Amino acid sequence: MNKTKIIICGISGKMGGNVLSLLENDGEAEAVCGVDPFVKSLSVPVYAHFSEVKEDADVIVDFSSAENLEERLAYAAEKNIGIVLGSTGFTAEDNKRIEEYAKKIPVFKTANLS
């Protein structure tokens, strides 16, 4: 069985780190890399921007912030993968953008996954 390949956005933060820890022993899913402006050495490659990502993935799990939302959504649409948005602080304009992308790719948005 192929594992679901996940990019963790906000991997250097508390929730992103928790997701990484949970995936390290998961039989069905695995973290392939992370994207975070605070790059640090972890068990998977971490990039400052999605433009640097080399790994293939099935979904993005986002625990970052409302900043750079367009970068995440555009990457998911370009790669035709889903995105789970667990961030907060989205504006009305951000929510409209999310709704537009949800017409093209799978989007799951919630304000609290902790």
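The lining of the largest pocket comprises 7 nonpolar, 7 polar and 4 charged residues (Ala, Val, Leu, Ile, Met, Phe, Trp, Tyr, Cys and Pro count as nonpolar, Asp, Glu, Lys and Arg as charged, and the others, Gly among them, as polar). The model is a predicted one, in which local features need pLDDT of at least 70 and side-chain atom pairs count only at pLDDT 80 or more, while totals for chains, interfaces and linings use all residues. Residues are numbered from 1 along each chain as its sequence is written, and side-chain values use heavy atoms, with hydrogens and water left out.

The volume of the largest pocket is about 270 Å³, taken as the space filled by probe spheres set on grid points joined across faces, edges and corners. Of its 18 lining residues, Asp36, Pro37, Ser64, Ser65 and Asn68 are the closest to the centre. On a 1 Å grid over the protein atoms alone, with a 1.4 Å probe, a pocket is an open set of points with protein on both sides within 12 Å along at least five of seven lines, and lining residues have an atom within 4 Å of a point.

Turning to the sheet, 6 strands form an open sheet in the order 3-2-1-4-5-6, with parallel pairing. Strands (E, at least two residues) and helices (H or I, at least four) are DSSP runs numbered from the N terminus, and two strands pair if DSSP finds at least two bridges between them. Strand 3 (46–47) and strand 6 (107–109) each have a single partner strand, so one side of each lacks a neighbour in the sheet. Strand 4 (residues 59–62) pairs with strand 5 (residues 82–85) in the parallel sense over 4 bridges; isoleucine 60 has isoleucine 83 of strand 5 as its bridge partner.
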